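Here is a brief report on a few local features of one protein chain. Keep the sequence and the model open while you read.

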Amino acid sequence: MNIESSVRERYSQGARETQEALCCPVDYDSGLLAALPEEIIARDYGCGDPSRYVQAGDVVLDLGSGGGKICYMAAQLVGPQGRVIGVDMNDDMLALARKYQADMARKLGGDRVRFLKGYIQDLALDVEVLDGHLREHPVVDRQGYAELRAWEARQRREQPLIEDASVDLVISNCVLNLVCDEEKDQLVREIYRVLRPGGRIAISDIVSDRPIPPSLKQDPELWSGCISGAFQDSEFLRTFADNGFHAVCYDKWEVEPWRVVEGIEFRSVTLTACKGGAEGTLAEHRSLIYRGPFAAVIDDTGLRHVRGERSKVTEAQFARLTCAAYRGAFIDPQAGLPAATASCCAPAIPAVDATQYDTSHNTGHGGGCC
């Protein structure tokens, strides 16, 4: 099965006519939708609303932006100082999004949105530039293929589609499951690359409650329908944590599955996290106290915090553990409660922190983060 062609054909059809099977029920902000063309609203396919994590002034990157609905919603939230970038590999979806770009710029009072052709697992390669290069230099033999690979490497290095550390917030709406399994780690590494230190992610996607068998993996209809390529729920969190993200947690978890296929539940979730930065050295004047309720927790750097005891931390650790992603789980002894002094992920809602719990003491699972 060719995953790319299956996905491209399904979503090209979806750009021309509404595909109800690709939609999950989502309650979007009606005020933000009011400015959007009906055609874009009708041709949108998602399972969540990552636009609610956008903050004023953000540079936002929407992976698999499709017809541009979430991009145009985000553009209203970033304000005149922010920017929104949509990346998609489907020509029909890009045409739909760009069709209304001038009209939306007039409504917004400025052109804050641009749509780029690229693969979300390879955010350094500009596919429109690649298409042009192939028209002028078609590959007909092995030497031509080797030259193409060398050209692509130069393009990624010298003229990346999305530059390193250039984005404040990466969002996505039911698209990561369309990437083949072999490229999912690369996809997460690319998200990490383009984020600034302390940058945030809000990824709405479909996850499964059990491993997906090969028989379903080979079904093109189920793959393009956001089923066969879904992360398993525990794997989704682990993949982001293993690739350097901190405060990785589920902010949304639909209790009722969207679909059940061969006894496997597929449901909509939203994952949030922040990009870690350089830790530096311990600072004598910086310490935090884990406030509870668990006997102890282990943060994403491996540092163990015992309830009520002071932990020496670096400046970077202090800034991260006192941001909104950890929801006041730590006390700054010099400032008291609450210690959530910065906005790392949004929206911030009251809950315990989402660090890894020390199972030698009390155990449990915290609420959603960010």
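## Charges over rings

Arg 286 lies over the face of Phe 318, 3.8 Å from the ring centre. The model is a predicted one. A second case involves Lys 184: its charged end sits over the ring of Phe 231, 5.5 Å from the centre.

## Aromatic pairs and a cluster

Phe 231 also belongs to an aromatic cluster, together with Tyr 192, Phe 236, Phe 240, Phe 245, Tyr 250 and Trp 253.

The structure holds eight aromatic pairs. In one of them, the ring centres of Phe 236 and Tyr 250 are 6.4 Å apart, and the planes meet at 40°, so the pair counts as tilted. This pair links distant parts of the chain: Phe 236 is in helix α12 (residues 233-242) and Tyr 250 in strand β7 (residues 245-253), 14 residues apart. Both Phe 236 and Tyr 250 are buried.

## Ile 40

Ile 40 sits in helix α3 (residues 38-42). Ile 40 is buried, with a relative accessible area of 0%. Beyond residues up to four places away in sequence, Ile 40 touches Gly 67, Gly 68, Lys 69, Tyr 72, Leu 96 and Tyr 100. Its C-alpha atom is 9.6 Å from that of Met 93, a residue 53 places away along the chain.

## Ser 166

Ser 166 is in the loop between α8 (142-158) and β4 (167-173). Is Ser 166 buried or exposed? Its relative accessible area is 16%, under the 20% cut-off, so Ser 166 is buried.

A polar atom of the Ser 166 side chain lies 2.8 Å from the backbone oxygen of Glu 163. Leaving aside neighbours within four places in sequence, Ser 166 contacts Val 59, Val 194, Leu 195 and Arg 196.

Key:
Residues are numbered from 1 along each chain as its sequence is written. This is a predicted model: local features need pLDDT of at least 70, side-chain atom pairs count only at pLDDT 80 or more; totals for chains, interfaces and linings use all residues. Side-chain values use heavy atoms; hydrogens and water are left out. Helices (H or I, at least four residues) and strands (E, at least two) are DSSP runs, numbered from the N terminus. Buried means under 20% relative accessible area, exposed over 50%, partly exposed in between (1.4 Å probe, protein chains only). A polar contact is a pair of N or O atoms within 3.5 Å; within protein, one must be able to donate a hydrogen and the other to accept it, and residues adjacent in sequence count only if both atoms are side-chain atoms. Contact means heavy atoms within 4.5 Å. Rings of Phe, Tyr and Trp (its six-membered ring) pair if their centres lie within 6.5 Å; planes under 30 degrees apart count as stacked, over 60 as edge-to-face and the rest as tilted. A charge sits over a ring if NZ of Lys or CZ of Arg is within 6 Å of the ring centre and within 35 degrees of the ring normal.
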